[in-house]
Amino acid sequence: MRDNRYTVYPITETTFAIEEKTRISQGLCYLLCGKEKALLIDTGLGFKGLRETVKGLTSLPVIVANTHAHIDHIRGNHFFEEIWFHQKDKGVFALHTDRRYTRKLLGEGMPAPVQVVLGWVAKGLLSVNTSGQYHYFGDEYIFHLGEREVAVVPTPGHTPGSVCFLDRSERLLFSGDTLCEWGVLLHLTKESCSSQVFGESMQRLQSLEADFDTIWPGHHSFPVDKSYIDDYLTCARQIVQGKAQYGITKGRRCAKYNRVLITVPAKEDVNG
């Protein structure tokens, strides 16, 4: 039986967006098929239907590559044998495979009654099966899929090991949570990097803009226009310079500029 939590959107003949949607979450995985192998970018919350959805799209051996090690991007990893993420996110992976930590994180910034309800609704989603063969790439790694190459672009900020994946042949950038239409979370004190570091990541993406046409994010609307890079860079610079305009969104303190927002630690105006 088809799992209606997953919907497939073809991007090209060999590239697919897989949207995972439930009552309390929405996320995106991407399947990139070469001549010899397929690359699955993120595995979301990993319901059983993910494996069947991927099997319905390709018979190639599937490699998983995580944009970062948050639970809502890694929980389906165990469906696949070969799994990769950036070596700098090993600590984040340890946090997000700790049920106590993820339960606390889920309700952060929410009123106590809401935390209780969310904890009950999501209790079955807080455990992570860590089986599989894990490998760790660095900043210069390239996945060779057979007449198709996908390059790692280091973009620390949301987490120390956050990355984007660049497919120059198809002119596609897959950004995970580094760049989404809604905003980026830098307020997680045990996980996030400074706004200065995130701004440097936006500058890195700016330098590569000639190599891609569209950005495919980890959540929310897709694709995202690459002009959002400029907005995020400006917002990060305003935080660092002490010029940002702040507000509260979903219980979190955030700096806002034009179409984007960046959440920040509650007591910090400058994240240098």
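## Basis of the description

The model is predicted, and local features need pLDDT of at least 70, side-chain atom pairs count only at pLDDT 80 or more, and totals for chains, interfaces and linings use all residues. Residues are numbered from 1 along each chain as its sequence is written, and side-chain values use heavy atoms, with hydrogens and water left out.

## The four-stranded sheet

An open sheet is built from 4 strands in the order β12-β16-β15-β14, with mixed pairing. Its edges are taken by β12 (184-185) and β14 (245-249); each has a single partner strand, so one side of each is left without a neighbour in the sheet. Strands (E, at least two residues) and helices (H or I, at least four) are DSSP runs, numbered from the N terminus. Two strands are said to pair if DSSP finds at least two bridges between them. In general, strands of a sheet pair through backbone hydrogen bonds, either parallel or antiparallel.

β14 pairs with β15 (residues 252-257) in the antiparallel sense over 5 bridges. Within this pairing, I248 has R253 as its bridge partner in β15, and Y246 stands opposite A255. The hairpin of β14 and β15 has 2 residues between the strands, and K250 takes a positive phi near 55°.

β15 also pairs with β16, again in the antiparallel sense, over 4 bridges. Here A255 has I262 of β16 as its bridge partner. This hairpin likewise has 2 residues between its strands, and N258 in the turn has a positive phi of about 50°.

Helix α7 (residues 228-240) lies across β12, β14, β15 and β16 (260-263), and runs at about 45° to β16. Axes are lines fitted to C-alpha atoms, for helices over the stretch in contact, and angles between N-to-C directions run from 0 to 180 degrees.

The axis of helix α6 (residues 195-207) comes within 9 Å of that of α7, and the two cross at roughly 150°. The helices are therefore roughly antiparallel to each other; angles over 145 degrees count as roughly antiparallel, under 35 as roughly parallel, 65 to 115 as roughly perpendicular and the rest as oblique. Residues of α6 that meet α7 include F198, M202 and L205, and those on the α7 side include Y232, L233 and I239. Contact here means heavy atoms within 4.5 Å.

## Salt bridges

The structure holds 7 salt bridges, each defined as a side-chain nitrogen of Lys or Arg within 4 Å of a carboxyl oxygen of Asp or Glu. One of them joins the side chains of R259 and D231 at 2.8 Å, N to O. R259 lies in the loop between β15 and β16 and D231 in helix α7, so the pair ties together parts that are 28 residues apart in sequence. R259 is partly exposed, with a relative accessible area of 36%, whereas D231 is buried at 6%. Buried means under 20% relative accessible area, exposed over 50% and partly exposed in between (1.4 Å probe, protein chains only).

Another salt bridge joins R148 and D167 at 2.7 Å, N to O. This pair links distant parts of the chain, 19 residues apart: R148 is in the loop between β8 (142-144) and β9 (149-154), and D167 is in strand β10 (residues 163-167). R148 is buried at 6% relative accessible area, and D167 is buried at 0%. A further salt bridge joins D98 and R100 at 3.6 Å, N to O; D98 is partly exposed at 25% relative accessibility, and R100 is exposed at 68%.
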